[in-house]
Each structure stands twice: as structure tokens, then as C-alpha cells.
Amino acid sequence: MEKGNMSVVKEFIFLGFSKYPEQYLILFFVFLVVYILILVGNLTIIIIVIMDSRLHTPMYFFLSILALMDVCFTSLIVPKLLVDLLSVTKAISFPLCITQLHFFVAFTNMDSFILGIMGFDRFMAICHPLHYPRVMRKKVCITLVLCSWVIVSLHASVHSVLASKLTYCDAKEMQHYFCDLPPLLKLSCSDTSINELLLFTETTVILLTPLLCNLVSYVLIAIVILKIKSSDGRRKAFSTCFSHLTCVVFNYGPVLFTYIRPSSAYSPEKDMGISVIYTMVIPMLNPFVYSVRNNDVKEALRKLRKKIQGQQ
């Protein structure tokens, strides 16, 4: 690379959905509606968990943290996307890009850790119900969440600091709608082998650890459920896990595809489509998944609705 091309990049331009300029207005309203649903659904979950004493249990505490993480990382991305869809220049400064990258990595990985903890919670509740109150007490639950946040924050710091040290030359146009690591590495004109190695190895460990926790938990849960003689008992035991298991499948599929693969398999168009799924569609669906088959949540929602109507 010649020295004349080694100018410092002060901002990036999101190309995002630039291939569909005639669809910008439609995309704006679609994403706006999705974002509103994300906020309403997840904030409602948080509110009812706080207000309804029957939901002051480990499972709903972790559910409220999951809802909070969904609100955080979508709010990190979607408002900027909405502004860009109505703007001529879709730029983000270099410091803000690195900041967005850091918190996006932290929030999304925190989602995975919370799902792993929830799997362990279901394992204790079904396989060791007598020990459940002692093991999953409030102090332990808070400690698990705080330790998870420390781990994902360190993980995010490693990637964001390394990304900030790369040289980007004159490359400014990013084939994405937010600062994610794979498209950012593609813009660098310096050696990114260490970044790519860490992205594959460290991210694999960070993502697969909670996934493995879920897999082991549900294998043991399935063994216990199959030993229950009454079909009604088996159905009730499985119903307590259905919502969480559905969220695990929804969350891990797109994320694993995006980050645990060789850099040569990177495809901007395909990655953007998958990113829309895990940054918008899944956070929108999570509250509904936990509400449709959950009688406690539905009863808490009815109480909240009556309280609101009574105040009008």
C-alpha cells in the first residue's frame, strides 16, 4: 500500500440497503413498526416482572434481563438505521463505530449467557426441585448475571480495541447497516489474521459455552421427563421449558452462522439478511414466545391491563 493511500479514516459510510433506494420509505416504516413492537413487548415483560410478586422468581428475573438486553442492543442499532434510511449521507464516526461494535458484542453475547443460565435454572427446577430454592436464591442469580456481564464486557473490549488499532486506509464504505466485526475487518488494509483468529476461536468458546450448558441441561431434563408416568405430568413439565427452548433455537442459529465460520465465507448480502433476523425479528418475537403459552405471564398481563383501565 502506497503512503499516499494511508490517510486516516474518520468515518464510515453504511451502504446497508443502498441497492433498494426506491424501498427506503417502506423499509423505514417496516423497521419502525418492528422497533416499536420490540420496545413495547420487552418493556412490558420487564414491567410485569417488577410489578407482579408472583413473578419474583429466578426464571422471570432472568427473563427480564433477557428482555432488557434485547431493548439495549436493538436501541443501539435500529434508531441509527431509521435515521439513515431518511438521510442522504449514512455516516458514522470512527469512535462511534467502535463504541457501537463494543456494546453490540457485549449485549448480544449477554443474551446467549442469559439463555444458558435459564437452561440451568430449568434443569434445577425439574431435576432437583428440592434443592432449587437453596441453589437458585436471589444472591446466586444476581452473581450469575454480574459474572456473565464481566465476561462478555471483557470479550467485547478485546475485539473493539483490536479493531480500533487496525489501519483502514481510504476504505470508508461498509456493506452493512451497523458496525459489526466481519464487515469492519473487510475494510482494513492491515493484517487482520489475529482478529479473525480471535473472532473464530474466542467467539466460538463464548457462544458455545452457554449453548453446551443448554444442551446438557435439556438432555438431563428429557431423561427426567420421560420417567414421569402420567402423560399430563410430562406435558406440564415440558411446557415449562417450551418457551425457553424456542428462544434458544431462534437466537443461536443466526448468530452461530454469522460468527463461527471462515472469513472466506463472508457474504455481505447474506449477512445483512441474517443480521436483520437476530437484531430485529428475534427480539420482537421473544416476548410473544414467552407470553403465548405462559399462564403466569398472561395473568400478569391481564392484571396490568385492568390496572391501566382502572386509572383511565
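Below is a short exchange on a pocket and a sheet in this predicted model.

Residues are numbered from 1 along each chain as its sequence is written, and side-chain values use heavy atoms, without hydrogens and water. As the model is predicted, local features need pLDDT of at least 70 and side-chain atom pairs pLDDT 80 or more, while totals for chains, interfaces and linings use all residues.

Me: What makes a space a pocket, and what volume has the second largest pocket?

Reply: On a 1 Å grid over the protein atoms alone, a pocket is an open set of points where a 1.4 Å probe fits, with protein on both sides within 12 Å along at least five of seven lines. Its volume is the space filled by probe spheres set on points joined across faces, edges and corners. For the second largest pocket that is about 280 Å³. It has 17 lining residues, meaning residues with an atom within 4 Å of a point. Among the closest to its centre are Val49, His56 and Phe61.

Me: Which helix gives the most to this lining?

Reply: H2, with 6 residues. Helices are DSSP runs of H or I, at least four residues; strands are runs of E, at least two.

Me: Why are E2 and E3 at the edges of the sheet?

Reply: The open sheet has the order E2-E1-E3. Strand E2 (91-93) and strand E3 (173-174) each have a single partner strand, so one side of each lacks a neighbour in the sheet.

Me: How do you know that E1 and E2 pair?

Reply: Pairing needs at least two DSSP bridges between two strands. E1 and E2 have 3, in the antiparallel sense. They therefore count as paired.
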